[in-house]
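Hello,

Here is the structure I promised to pass on to you. Please have a look at it first, and then read my notes below.

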Amino acid sequence: MLAGCTTAPQLQAPSGNAPKNVLFFLGDGMGITTLTAARIYAVGEEGMLPIDRLPESAFVKTYSNNAQVTDSAAGMSALMTGVKVNNYVVSMSTDTPAIYPTKDANGNSQVSACAGGKPATTLLELAKRNGKGTGVVTTTRITDATPAATYAHACHRKLENDIAAALVPGGAGFNPALGDGVDVLFGGGLQFFTPHAQGGQRADNRDLLAELRARGYAIATGTADIAQPAGRIAGLFAQSDMSYHAARDPQKEPSLQQMTVAAIDVLSKKPSGFFLMVEGGRIDHALHATMAKRALQETVAFNDALQAAVDRMSAIDPGLKNTLIVVTADHDHTLLLNGYARRTGPTTASEPGVVGVIKSVEDGKPLRDLDGAPFSIIGFGNGEHRVAGSRGDAPHLTDAAATADDYHQEATVRVKAGRETHGGTDVFLGAIGARADSFHGTIENTRVFELIKAAAQW
């Protein structure tokens, strides 16, 4: 396209059948630099992650209606509804302002009403309208912004008690567009489903898990429970977010891969097909904390879940002739790869790899900054860890320190702990299966919704 041209390119018609099954994978905060670092961490510079092997690809713009850098609520809402919304708003119309919730006497978030705006229809709601099975799987709270954008509508992402109520068929606050309810719910966030008396956050004394059980849901409380062949199942495995993959108790908290396969096994029994959203949500949390190693581990675990889904669906639907799998991110972060590091290959017990300090190509010795101090390959544009004054006066960084699971990489701009920000660059999208060739070029995040909707003929 010529420079300055504002006319969108003509998109070719997709080939193949309209998919009966749609699986949407979302790596929260999984920017291209994070993907690159995770690839090197796991399989080295020449290796390939499962996302790298997808045959179709595109770049996706991430800005929201009112911000150059989106938050997860606005980013996922655009992907799920085709509508640019304001930051912090969950699947509402563009004119909905984000109203920060106040606290009641019990400390619960509340707002009286949204000041204008109306719900924007989501892909999951369209799937329900077309008789599909539906599922939401995440490693964060099931009520967090990203999963919430598939099934709820709110003028602020912090209204998690209200968002939880949207999932309970027949209950107060239920989202009627969900029909008889979402079939599979796996993640964390138990506190928003239980009353204060049970250690939860609900001041209305409702036990939403009990209500779900009364409406025919099997309730999973540990890893062993997700294998049951239930028609509908809800598993909330942590009070808040689930643990980081490498730190979890595998008996209590299933991996994202295990939850994904279990969800597919339930939903694939639906004769009319299904829509499943899978989020690797703790990639984002580790990046906010500038804990690069955790973020890379989470990205690898997310890719393991993606590969397991491709394998499982290929067994169910050979050639994926009736299945579309799309994977992308809602935004990136400020993680960066400093130069000029020698090639490291994957991280092993004896090789720190991409999470270590920069070594010279010439002699393998640590490179040093202007203060004469070593520095890590991975850094952040902003974050909590920044040496005051000369780095040469501080204890010098070593591979042993930089490769610790919870090491916080250094940042250029110092901010509050855990408050490293999102970045505003485009993100990668990969696709495979029926009508995956719809995705190519550089597209708006709202276009992802449009392409999936058109491919599935919803």
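**Strand pairing**

F59 stands opposite T442 in β17. Two bridges tie strand β17 (residues 442–443) to β2, and the two run parallel. Strand β2 (residues 56–60) is also joined to strand β16 (residues 427–433), this time antiparallel and by five bridges; V60, for instance, has V427 of β16 as its bridge partner. Here, strands pair if DSSP finds at least two bridges between them, and the elements are DSSP runs numbered from the N terminus, with helices (H or I) of at least four residues and strands (E) of at least two.

Before you go further: this is a predicted model, in which local features need pLDDT of at least 70 and side-chain atom pairs count only at pLDDT 80 or more, while totals for chains, interfaces and linings use all residues. Residues are numbered from 1 along each chain as its sequence is written, and side-chain values use heavy atoms, with hydrogens and water left out.

The largest pocket has a volume of about 620 Å³. It is lined by 25 residues, and those closest to its centre are Y88, R157, H288, R419 and H422. Two elements, α4 (145–151) and α8 (282–288), each give two or more residues to this lining, with α8 supplying the largest share, four residues. By class, the lining of the largest pocket holds four nonpolar, ten polar and eleven charged residues.

The second largest pocket contains about 340 Å³ of space. Among its 21 lining residues, H153, D162, I163, A166 and G173 lie nearest the centre. The lining of this second pocket has 13 nonpolar, four polar and four charged residues.

On the terms: a pocket is an open set of points on a 1 Å grid over the protein atoms alone, where a 1.4 Å probe fits, with protein on both sides within 12 Å along at least five of seven lines; lining residues have an atom within 4 Å of a point. Grid points are joined across faces, edges and corners, and the volume is the space filled by probe spheres set on them. Ala, Val, Leu, Ile, Met, Phe, Trp, Tyr, Cys and Pro count as nonpolar, Asp, Glu, Lys and Arg as charged, and the others, Gly among them, as polar.

**Rings and charges**

There are three aromatic pairs (ring centres of Phe, Tyr or the six-membered ring of Trp within 6.5 Å; planes under 30 degrees apart are stacked, over 60 edge-to-face, the rest tilted). One of them is F25 with F302, edge-to-face at 6.0 Å centre to centre and 70 degrees between the planes.

F275 lies in strand β9 (residues 274–280) and W458 in the segment after α11 (445–456), 183 residues apart. F275 and W458 are both buried.

Two charges sit over rings (NZ of Lys or CZ of Arg within 6 Å of the ring centre and within 35 degrees of the ring normal). The charged end of K84 is 3.4 Å from the ring centre of Y63, and R282 lies over the face of Y244 at 3.9 Å.

**An exposed proline**

P271 belongs to the loop between α7 (256–267) and β9. P271 is exposed, with a relative accessible area of 74%.

Best wishes

Terms used. Buried < 20%, exposed > 50% of the residue type's maximum accessible area, 1.4 Å probe, protein only.
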